[in-house]
Structure formats: structure tokens, C-alpha cells
Amino acid sequence: MSEAIVDLGSRGDQAAIALLSDIHGNLEALEACLKHASDRGAARYAFLGDLVGYGADPRAAVDTVRRYVAEGAIAVQGNHDEAIEKRAGYMNDATKDSIEWTRKVLAADHKSFLAALPLVLREGTMCFVHASAAAPARWDYVDAPSAARRSAEAAQASYVFSGHVHEQLLYFESSQGKWSAFRPTPGSAVPVNSRRRWLALVGSVGQPRDGMAAAAYALFDPLRAQLTFHRVAYDHLAAARKIRQAGLPEFHAFRVERGV
Amino acid sequence: MERLEPGSEIDGFRLGECLHAGAQGLIFRVAAPDQGFPAIMKVPRVGPNEPAENLISFETEAMILPALSGPHVPRFVAAGDLAKMPYIVTEWIEGESLEARLGRGRLPAAEVARVGAAIADAVHGLHLQDAIHLDLKPDNVVLKASGEAALIDFGLAHHARYPDLLAEEKRFAAGSAPYVSPEQVLGTRSDPRSDLFALGVVLYEMATGELPFGVPATMAGLRDRLWMDPAPPRERAPEMPPWLQEIILRCLEPQAEQRYQSAAHLAFDLRHPEQVALTTRARKSGRAGFLAQARRWWRARGAPPLPRLMPKAQVGTAPVIMVAVDTAHAHDPRQPVLQRATAQVLSRSPEFRLVCVSVIRAGPLAEGEGAAESASGIHLEHLVRLRHWAEPLRLPAQRLSLHVLESPSPERALLEFARSNHVDLILLGAPSPEHHALAWWRSVASSVTAHAHCSVYVVRMAPD
């Protein structure tokens, strides 16, 4: 599937890049993460898909990302973004309800923006994909070292940045070609030497599921070859309240409230 | 890569004398003009004919060392780009390698305890930074002139906040055969208690001049330590006091849960031999019988349970808690309040060690036999009161120790004792305006709170 990769070439850019995935229409979480990243020196931004779905602010989320993309940010498509214009048949009922509601709320230009997003982007040593670069349109979960290896091999990059799994995890290659998983400590910079291959699951901005409500994203510093996973406290109760007020499924409000 | 020799220059570092040329790499002295301390450069052997492990353990050290600090590790200066010119420049720690010290023969018990406590301090300092050495051996311990010990060579180390590059490199990641812990042999690299096993081997070697498990050359030989009972050290060094055998054999327990749960506890026992609770370990005079060994072998077949906590948190479950007791006013009605507060704190820590301390003014100044006798009589009287104070807590002997310190300055004595024994929490009574009987607490509580290196729990002691 490597023909699906849009190669941007190398920009030779060493600026710190914020990696944000699975925003899911949660404007409060998105704004908190963008401010947090900018305070820590982020000069570039990459949005790793699922801008919409679940949350009550899909318009504002798409507007924000579109503004960043106009200024050079990277964005790839997630399965929820795809489902707005295409199929949602494989999703469960609550998720389908949420997609249906989002379709009504979004304007035509929002929808065309989401539909036009590429599945995989590669720039120099970095590759950006929502799920797995091995078969990006199948939305497979990278949930094991073997899945990480397959995605990294297809991506042909030192660094693969992904979302979809809603947790923060760093997969890396050992010298024997075996892959291991590492659970990062938020706020602690991890040295990521470009001689190895790495696949980072950056966590979810808008719907974390590890029992902590704080929004998740990561910041990559190519110059120092350091990757830092962050958790950002934000007004998650307001985001949950909006989900209820919009008449969206209660379960999705509950998830945002508890981080589960 | 250009040929390296004294006089070459790499990234501004001029190479001096070559201190070591081994299978894994070279070590040169370097001039590091801006640092203000002597420095060395390590360069790994790389190339098509060199094992890949050289570079991975090098990468590991270059990743972990910059994250470490304190008097027990070499300061990190610089590292070269692994793809171009791999090297690492660190502080050169002045002192004698423990390996060289052991070359002059085994050490008397008091010296084993002193050096062992210094190494345990270093290990504790490392664990508190979420790192585990995993290759502790005499070669990697430097004894400094100050009496402190420093650890070097972090090529096999593990840092809980960094990915473990060696996790999948099973072929060599185990460590050094004579010292490696049973769980490392089985592939676990995240248990800080592995360092305490290796330290047990080092203590055994210091005290007896021999290695408890020899120098196994095969994997099967390495696995023996999962169940094999080493010869009790007193069998090899009959003059060894029972407390030292107790300490060494506790470190060498094949199951990590049976060992000390924190290097601070080990350092404590090595510094206070009279407080070591002796068990059957201290009395052992030979190896276990065939059946007992077979039972251990059977138990050892499974993989070890993985520790659930990061090193610092794991050590945190085994705190050293110190309570300051005013034994001069043993019958004060507020003593039970301090006892209850202590019991409450202990109930929250599964693996605590409680240290009860009373400070009395230095003994009478009069000279002569009689004065010395009465001074020790006073000391004993306070020790008895301290024991009586701790009794209602019903603690097993290995969790409790009692200390009567003599000092004209209670606060200074408490602070010094707390710092040198890695105390994590100090409990003491709050001064009370209307009870002048406990007046010394007034200054002590505020001074200890202001200057302690750890948390202080000042207990308000309204009488019942």
C-alpha cells in the first residue's frame, strides 16, 4: 500500500512539531493542547486524523485545523472523518448516531475538507498516518509490536506518528528486527535516535481512554531527536456537558468526563 | 573512522592516555577545559566484525547517563552522533576500583559493612532516579577518598522513563555471570531489587574472597542460582559475625520479595549491625538438604512476577520512617497521640522500616569509671523506655530499630541521623504552648521542619 503514501519530500525543517490525534470535536481539549504545545516551543503542527465524531464541536474543530493547515500544518484523514461522506456501517450504534449528527452539523466545505485529507503523509524521516501505514484505509489498530513493525515497514521512515488507539505508547525496533512497546511517562523527554525506527501512538486529544481525563498529545523535537508525550488538564466537564446538551449519546459524554 | 590515539582530537576533545582497551571499546583521558573536573572518553568498537551489542549498550549509556545526577554517578559531558562518530565523554571519578581493592584480599566485617553501606547509598540514589544499574560488580564500583562509592558503566542499565533498548537483546543483556540476579537470567530488566542481589554477591565476595555461585559459563549454570543454595558465608569465613551472614543471605534470596525491598534498608542494617534481626539465615551452617533444594528448584521453574511499579515508586513502598520520641517524658499523657499517628502512617506503607529515636543530652562530664558506667546506665534506661514506647505498635523485629542518640543539640542529631539513614518521613510532636514539660520539642519541631531533607509530620498532641 506504499503507493498510497503522499511524499512531501524533505523540508529539512528541524522545528519542533506538535502531534495531535483523535480530537473528536472536543474544542476545549484542542485549544488547551494547542496552547500547551505553543508554550513549549512547537513551531509546526500535525493532525493525525479523527477531527470529528463523538464531540459537540465538530465545526469549530475543523475550522481550527483548516486554519493551521492553511499555514503549513500537516493533516491526515481518520476513520470518523472518512465516515462523514462515506460509510459508517462498521461502527456501533452510538458512534453511528454521533456520525449522523455530525453530518447534519457540518457545512459542505467542512465535509469536502475532511474528504480531501490524505491517508498517509511522509516528510523526510517522518510519516504521519491515523491507523496503520500498512493498510491505512482498513483502519487496523496498531495494538501489538508486530502491527507496529508492519506499519513502520510500509511507512519507510524512521518515525511513524499515529493515533486511532486512544492511548500513548512508543513502539521501537531492536537490533534483531524485533519490536517492543514502551509506555512513556508524560512530560519526560524520550531520546529517539534516528538510527532506529520508532512508531509513536500519541494518544487522543479529545477522548482519552486510560482512566485519566487530561487531553493527550506529543511533541517531537527533530533537532535533539527527542519525543515528549504530554497530558494536559482542560475543562473536560464543559466538553462533556456540551455533548449531553447536543443530545449526543450519553456514553460519549461519560467517556470524556472520566477518561475511559 | 580515523585511528584513535593519544593526541587525536574529536569534536574539540583532545585524547590523552589510553586507560583501557577492551573487547567493547577504548577509554581515553581527555582534556575537558570547561568542566573543572577530570574527564574520560569512551569509544565503542564498531564495524562489520564487531558485535552489535557493543553499540546498543553504548547507546543505552548515552541515553541514561545524561538523566542521572548526584555524587554516586559520573557526570555526563557529551556524546557523539552514533551514526558518525560514537563516543561518550564523562567525568573521571577519582578513587580506587573495588576490584583493585579486592585484589589485596578480603575485608574484615566492619569494613565490609562500611563499604557495603556506601555502595547501598549509591544504589539507593540511583533507584530514586528511576534507574537500575543491572551490572553491579566490583569492576563497576569506585571507592572515593571521601568514603562514598560511585557506580560506573551504565551500558546494561534500565531507566523507567526511557525505552529499554536491551529488552529484546536476550543473548547478552543478562549481566555479568557471577553477579547477575535470578530474575535477570529469566529476562526481567525492571526490578530494582536485582541490584540488591548483585550487591549481596559483592558483599559475599568482599567478606569471604569467594563467589557464592562461582563463574558459570553456560545458561544452565546461570540458572542454578534460581534455586541453588550458596554455601553460607560463615562456612568460608568462620570469624564472620552472624549479622553479616544474615544481611548477605537476605540479599541473595532467589525470590526478590524475600530480599531487602530497598537499598536504604540494606544500608541501614549495614550501619546498625546491633539492630539486625537474626533469623535462621544467620544460623545456617551448611547448604540446604537435597529435598529442600529440590523444592526450591521446583518453585523456581516459573517466570518471575514482573514488578508493577517503576523503581522510585517501588522503593517508595519501602520507606524508612523515623519517629522522634521524648523518652525524658515517657509518661506524658500525649505520648499515645504520637503512637497512634505513627501506627496510622505505618498502616499505609506495606514494607516500612520504623526507626525510633530519642535524643538525650550528652552524658555527665565527670571523669572516671563510675561516670562512664552511669552514662551507659542512662543510655540503657532510655533504650528501655523507647522499647516500651514502641511495644503497642506490635512490630516484627526486622521492621523496628531503636536508637538513643547523645547530643547537646536534639535537632541537629535528628537531622543528621535522618539524612545519613535515608529517612523518608520524620514524625515528631508539635510544641504546645501550655505544656512546658515538653519544651524541647518547641525548638526541635520548627528546626527539624525547616531543615529536614525529607517530609516531616508534626503531630499536634492534645492529650486524650
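Of the 464 residues of chain B in this predicted model, 45% count as buried, a residue being buried if 20 or more other C-beta atoms, placed from the backbone, lie within 10 Å of its own, exposed if 12 or fewer, and partly exposed in between. Chain B has 16 helices and 16 strands, where helices (H or I, at least four residues) and strands (E, at least two) are DSSP runs numbered from the N terminus. Among the contacts in chain B with a separation of 6 or more, 72% are made by residues 24 or more positions apart; two residues are in contact if their C-beta atoms, placed from the backbone, lie within 7 Å. Residues are numbered from 1 along each chain as its sequence is written, and chains are lettered from A and ligands numbered from 1 in the order in which they are written. In this predicted model, local features need pLDDT of at least 70 and side-chain atom pairs count only at pLDDT 80 or more, whereas totals for chains, interfaces and linings use all residues.

Helix H3 (residues 109–127) and helix H9 (residues 263–271) of chain B pack at an angle of about 160°, with their axes 8 Å apart; axes are lines fitted to C-alpha atoms, for helices over the stretch in contact, and angles run from 0 to 180 degrees between N-to-C directions. H3(B) and H9(B) are therefore roughly antiparallel to each other, the term applying to angles over 145 degrees. On the H3(B) side the contact includes B:Ala113, B:Gly116, B:Ala117 and B:His127, which meet a set in H9(B) that includes B:Ala263, B:Leu266 and B:Arg271. The residues of this contact divide into 9 nonpolar, 3 polar and 2 charged, with Ala, Val, Leu, Ile, Met, Phe, Trp, Tyr, Cys and Pro counted as nonpolar, Asp, Glu, Lys and Arg as charged, and the others, Gly among them, as polar.

B:His127 of H3(B) is also in contact with B:Pro192, whose other contacts, leaving aside its neighbours within four places in sequence, are B:Ile132, B:Pro311, B:Gln314 and B:Val315. B:Pro192 lies in the loop between helix H4 (182–185) and helix H5 (193–208) of chain B, and it counts as buried because it has 31 C-beta neighbours inside 10 Å. The C-alpha atoms of B:Pro192 and B:Glu411, which are 219 residues apart along the chain, are separated by 33 Å. B:Glu411 is itself one of the buried residues of helix H15 (residues 410–420) of chain B, together with B:Pro410, B:Ala413, B:Leu414, B:Leu415 and B:Ala418. Just after H15(B), B:His422 takes a positive phi of about 55°.

The contact between the chains takes 13 residues from chain B and 14 residues from chain A. On the side of chain B that touches chain A, the residues divide into 9 nonpolar, no polar and 4 charged.

In chain A, 6 strands form an open sheet of mixed pairing, in the order S4-S3-S2-S12-S13-S10, two strands being paired if DSSP finds at least two bridges between them. The edge strands, each pairing on one side only, are S4 (74–75) and S10 (190–191). Strands S12 (residues 215–221) and S13 (residues 226–232) of chain A run antiparallel and are joined by 7 bridges, and the bridge partner of A:Ala218 in S13(A) is A:Phe229. Helix H1 (residues 27–39) of chain A packs on the sheet, touching S2 (17–20), S12 and S13, and its direction makes about 30° with that of S12(A).

Methods. Parallel < 35°, antiparallel > 145°, perpendicular 65-115°, else oblique.
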